[in-house]
Amino acid sequence: MNDTFFNYITEGNTCKGDFIPVGAAMLNGETITNALVKIPLKTMNRHGLIAGATGTGKTKSLQVLAENLSDKGIPVLLMDIKGDLSGLAQPGAGHPKIDERHAKIGIPFEAKGFPVEILTLSEQNGVRLRATVSEFGPVLLSRILDLSEAQSGVVAVIFKYCDDQKLPLLDLKDFKKMLQYATQEGKAEFGDAYGHISTASTGSILRKVVELEQQGADLFFGETSFDVQDLLRIDENGKGYINILRLTDIQDRPKLFSTFMLSLLAEIYSTFPEQGDSDRPELILFIDEAHLIFNEASKALLNQIESIVKLIRSKGVGLYFVTQNPTDVPEAVLSQLGLKIQHALRAFTANDRKAIKLTAQNYPDSDYYNTEEVLTSLGIGEALVSALDEKGRPTPLAATMMRAPMSRMDVLTDTELSSLLSKSKLVKKYNETIDRESAYEMLNDKIDKAEAEEAKEKARKEQEALKKATEKQSTTSSSRRTSTAMNPVIKVLTSATFIRSVFGILTKVMKK
Ligand SMILES: Nc1ncnc2c1ncn2[C@@H]1O[C@H](COP(=O)(O)OP(=O)(O)O)[C@@H](O)[C@H]1O
Ligand SMILES: [Mg+2]
């Protein structure tokens, strides 16, 4: 029986190209040494799920995947919601239990650390991730602000105006200034060229911008904007960088995270080249504790994730969700996940049992396992694994004794963390706050000048009137700007440069 099982697992896990061995298959609770369960690099862009109850080993499985990817020169981005992943930078301490685990699996244990870069969206330590409002674009901005169609139209017109006038929109301060300008000082100018903008719409947009700011998004918008190419770094030993985005302070600010993710996915999609039939991924993204994000995520983010999951695959980018229950992930996303690492589920309540039944149905049938039973009896650091082989077919379902991480299964000390940050080239590149001349300053300048000009003009007119009165002459000519035949807003929306520069590729992504 064990021999046929061994052959079944081994044949099903044969790889022509490179792969990550994650552990050995188990049968009736016993680990079958050398019956290795492998994840082919070739299908790692087909996304995945790591699920299971708290404390069953999800984060360690993530760690194992991340460090092995790095080892093979593939960079990784980790969303570290609980702050428990920094240990990747240091070798693991080892333990007799780990040696025992590895002896059973048939993979020798090796302790090592990996190149790590710490990133942040807020004022915590780490490389600051930012984007300018211009780069974010009117489409995403309207989505994240949850604007109506009419309001989105106003946003589009404002971007167009800034484009035409060469007014950089860097931060939310710039954008707020523009909203104000469009209905106050610049009212006539806007009305002539782009159509009338109502104070009611700018007012409601403004309120939503303030709401976004209150969730810390003002920290995200601005310069220096982050270049996603910097996520793809390889160190001098050929190891992929593990970029850890620390999100411990993000839970009460879901909009900030949604804003960042929308921007990241859109930028990856629009800048990464098509990979064709590649035998390895370019970048792998992991979201730990993804349920916290899905629970609070804006609709805009969920829609974007659904549509982009399909599209970024061809760019060689894989997205991995780590969460307690597979049902935490939206159905449309779940159906697209190639790799599944399912740790134990607990059957305390009737609802739990229902969830287990549902989960079991998502796995391929197996002659060797009763999936429902295995799901509740897996030990810590054991999981049901089903991957896609190099031809894209599901590999045999295997209860797997997962290998232990090579790096530390704990966080860095404060000293280790500061030493890591002090050596970071990216911290130097990105952490200076610059507030260069942008729409806010330029408009203030323009308004000041206009006011001065107006005062001068008024004085000149008074003089003239005086002169005319004495000369008893009158003139009545005053030239008005001729209005264009086409409705100006429509003109803006159909202008080719506008569509290219502002909606561009993003519209395509959003509409899928
Ligand atoms: N693959 C593994 N090898 C060795 N120990 C593990 C493994 N997976 C889990 N463990 C043990 O279980 C604990 C909890 O794992 P963790 O991944 O943090 O759980 P989760 O993320 O599911 O809450 C770890 O601290 C570790 O002691
Ligand atoms: Mg965890």
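The legends below describe close-up views of a predicted model.

Local features require pLDDT of at least 70 and side-chain atom pairs pLDDT 80 or more, while totals for chains, interfaces and linings use all residues. Residues are numbered from 1 along each chain as its sequence is written, and chains are lettered from A and ligands numbered from 1 in the order in which they are written.

**Figure 1. Overall view of the chain.** The chain contains 20 helices and twelve strands (DSSP runs, H or I of at least four residues for helices and E of at least two for strands, numbered from the N terminus). Its C-alpha atoms fill a box of roughly 115 × 45 × 45 Å along the principal axes. Of the 512 residues, 46% are buried (20 or more other C-beta atoms within 10 Å of the residue's own; exposed means 12 or fewer, and partly exposed lies in between; C-beta atoms are placed from the backbone).

Figure 2. Domain 1 supplies 19 residues to the contact and domain 2 supplies 14 (C-beta atoms, placed from the backbone, within 7 Å). On the domain 1 side, α10 (254-271) and α12 (299-313) each give two or more residues, and α10 gives the most, with ten.

**Figure 3. Strand β10 and its two partners.** In β10 (residues 339-342), L339 and I341 point one way and K340 and Q342 the other, and all are buried. Strand β3 (residues 48-51) runs parallel to β10 and is joined to it by four bridges (strands pair if DSSP finds at least two bridges between them). L339 is the bridge partner of G48. Strand β11 (residues 382-386) pairs with β10 in the antiparallel sense over three bridges, with V385 of β11 opposite I341.

**Figure 4. Helix α8 and its two faces.** Helix α8 (residues 199-214) has 16 residues. Its buried residues are S201, T202, I205, V209 and L212. Seen down the helix axis, these fall within an arc of 90 degrees, so they line one face of α8 (the arc is that of the directions from the axis to the C-beta atoms). The face turned away carries the exposed residues A200, G203, R207, V210 and Q214. The buried residues of α8 pack against α4 (133-144), α5 (149-165), α6 (172-183), α9 (217-220) and α10. Just after α8, G216 takes a positive phi of about 90 degrees.

How values were computed
Two residues are in contact if their C-beta atoms, placed from the backbone, lie within 7 Å. The expected span of a helix is 1.5 Å times one less than its number of residues.
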